[in-house]
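This briefing concerns aromatic contacts and the nonpolar core of one model. Please view the sequence and structure below before reading on.

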Amino acid sequence: MFDLAQPTSLGTEYQLHLLTDKGSRIPQAKLNLTTGFAYTRILNGVGTATVNMPALLADQLRDLIQEDRRIEIWRKPPGRTLYRDWSGLIDIKDTQDDESGSTLRPITASHINCLLSRRHILYYAKSAGAYKTDSADDLMKVIVRENLGS
């Protein structure tokens, strides 16, 4: 988790969580420094997020910060509870220098809706995989089992 200890000028607090492949949070002690972040939310679209980390820290966490690993941004306005405001998949890891000459590693992520725009592998028409009828829950299990294995 990236803890942004200083609330924004309006008192809003943010937390950034990096998740494992199975969806559980990576322990807080390993991810506690960031030099800033920005994110956009687009209704029914693909927003983006950028987290700027010192390059030395990013290099230490190289095994944890991988493409397609999930990242979440949690938000807590003043007087309200903490809630997940944004969730996405890591896209790009670049290196750049900031104004003071220190090297930053911006980590860019796309909203989880980006999965809908990725390549689809469809069955040929009239094949056994293209035509199925069953109740929705059973049908979903069959499709997942066929495509991902049991």
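Tyr 14, Phe 37 and Tyr 39 form one aromatic cluster. The model is predicted: local features need pLDDT of at least 70, side-chain atom pairs count only at pLDDT 80 or more, and totals for chains, interfaces and linings use all residues. Residues are numbered from 1 along each chain as its sequence is written, and side-chain values use heavy atoms, without hydrogens or water.

**Aromatic pairs**
- The structure contains three aromatic pairs (ring centres of Phe, Tyr or Trp, the last by its six-membered ring, within 6.5 Å; planes under 30 degrees apart are stacked, over 60 edge-to-face, the rest tilted).
- Tyr 14 and Phe 37 are edge-to-face, because their ring centres are 5.3 Å apart and their planes stand at 70°.
- Tyr 14 belongs to strand β2 and Phe 37 to strand β3 (residues 36-39), so this pair ties together parts 23 residues apart in sequence (strands are DSSP E runs of at least two residues, numbered from the N terminus).
- Tyr 14 is buried, at 15% relative accessible area, whereas Phe 37 is partly exposed, at 23% (buried is under 20%, exposed over 50%, partly exposed in between; 1.4 Å probe, protein chains only).
- Phe 37 and Tyr 39 are stacked, with 6.1 Å between centres and 10° between planes.

**Charge over a ring**
- The charged end of Arg 25 sits over the ring of Trp 74, 4.9 Å from its centre (NZ of Lys or CZ of Arg within 6 Å of the ring centre and within 35 degrees of the ring normal).

**Nonpolar core**
- The largest nonpolar core has 17 residues; Leu 18, Met 53, Leu 61, Ile 65, Ile 71, Ile 73 and Trp 86 touch the most other members (buried Ala, Val, Leu, Ile, Met, Phe, Trp, Tyr and Cys joined through side-chain atoms within 4.5 Å).
- At least two residues of this core come from each of β2 (13-18), β4 (48-54), β5 (70-76), β6 (83-93) and β8 (103-111).

Note on methods: Helices (H or I, at least four residues) and strands (E, at least two) are DSSP runs, numbered from the N terminus.
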